[in-house]
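Dear colleague,

I am handing over the structure below for your attention. My notes on what was found in it follow directly after.

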Amino acid sequence: MDSTTTLSRLFSLQGKTAVVIGGAGYLGRDITEALAELGASLTIASRDEEKCEVFAQELRENLGVDARADQIDIESISSIDDFARRTG
């Protein structure tokens, strides 16, 4: 067994959902892609929901993962509350 297979198995996120705030941004894209490669379903959120949707679509097409976009403004308590209600 090679080291990649071992790491993928050790850090498998199959059956888990990762929420990445800023997941379509500069650093967030790499983090989101790594989580996707480990098998996580994804919710990618930021103030720019359209940017998140474009990236989520790219991940669905290229990696075949469950990815969705959402909107959140972390400076707004009501936005955080609304996001929490939507994501459950």
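**Findings: helices, sheet and core**

Helix α2 passes α3 in a right-handed crossing, a term used when the near helix is turned clockwise from the far one by less than a right angle, the anticlockwise case being left-handed. The contact is made by Arg29, Thr32, Glu33 and Ala36 of α2 and by Phe55, Glu58, Leu59 and Leu63 of α3; contact here means heavy atoms within 4.5 Å. By class, this contact has 4 nonpolar, 1 polar and 3 charged residues (Ala, Val, Leu, Ile, Met, Phe, Trp, Tyr, Cys and Pro count as nonpolar, Asp, Glu, Lys and Arg as charged, and the others, Gly among them, as polar). The axes of α2 (residues 26–37) and α3 come within 12 Å and cross at roughly 35°. Axes are lines fitted to C-alpha atoms, for helices over the stretch in contact, with angles from 0 to 180 degrees between N-to-C directions.

Please note that this is a predicted model, in which local features need pLDDT of at least 70 and side-chain atom pairs count only at pLDDT 80 or more, while totals for chains, interfaces and linings use all residues. Residues are numbered from 1 along each chain as its sequence is written, and side-chain values use heavy atoms, with hydrogens and water left out.

Helices (H or I, at least four residues) and strands (E, at least two) are DSSP runs, numbered from the N terminus. An open sheet of 3 strands has the order β1-β2-β3, with parallel pairing; two strands pair if DSSP finds at least two bridges between them. The edge strands are β1 (17–21) and β3, each pairing on one side only. From one strand to the next, the twist averages 20°. β1 and β2 are joined by 5 bridges, and Ile21 has Ala45 in β2 as its bridge partner. Helix α4 (residues 77–87) packs on the sheet and touches β1, β2 and β3.

The largest nonpolar core has 13 residues, with Leu42, Ile44, Leu59, Val65 and Ala67 making the most contacts inside it. Such a core is a set of buried Ala, Val, Leu, Ile, Met, Phe, Trp, Tyr and Cys residues joined through side-chain atoms within 4.5 Å, where buried means under 20% relative accessible area, exposed over 50%, and partly exposed in between (1.4 Å probe, protein chains only). The largest share of this core, 4 residues, comes from α3.

Yours sincerely
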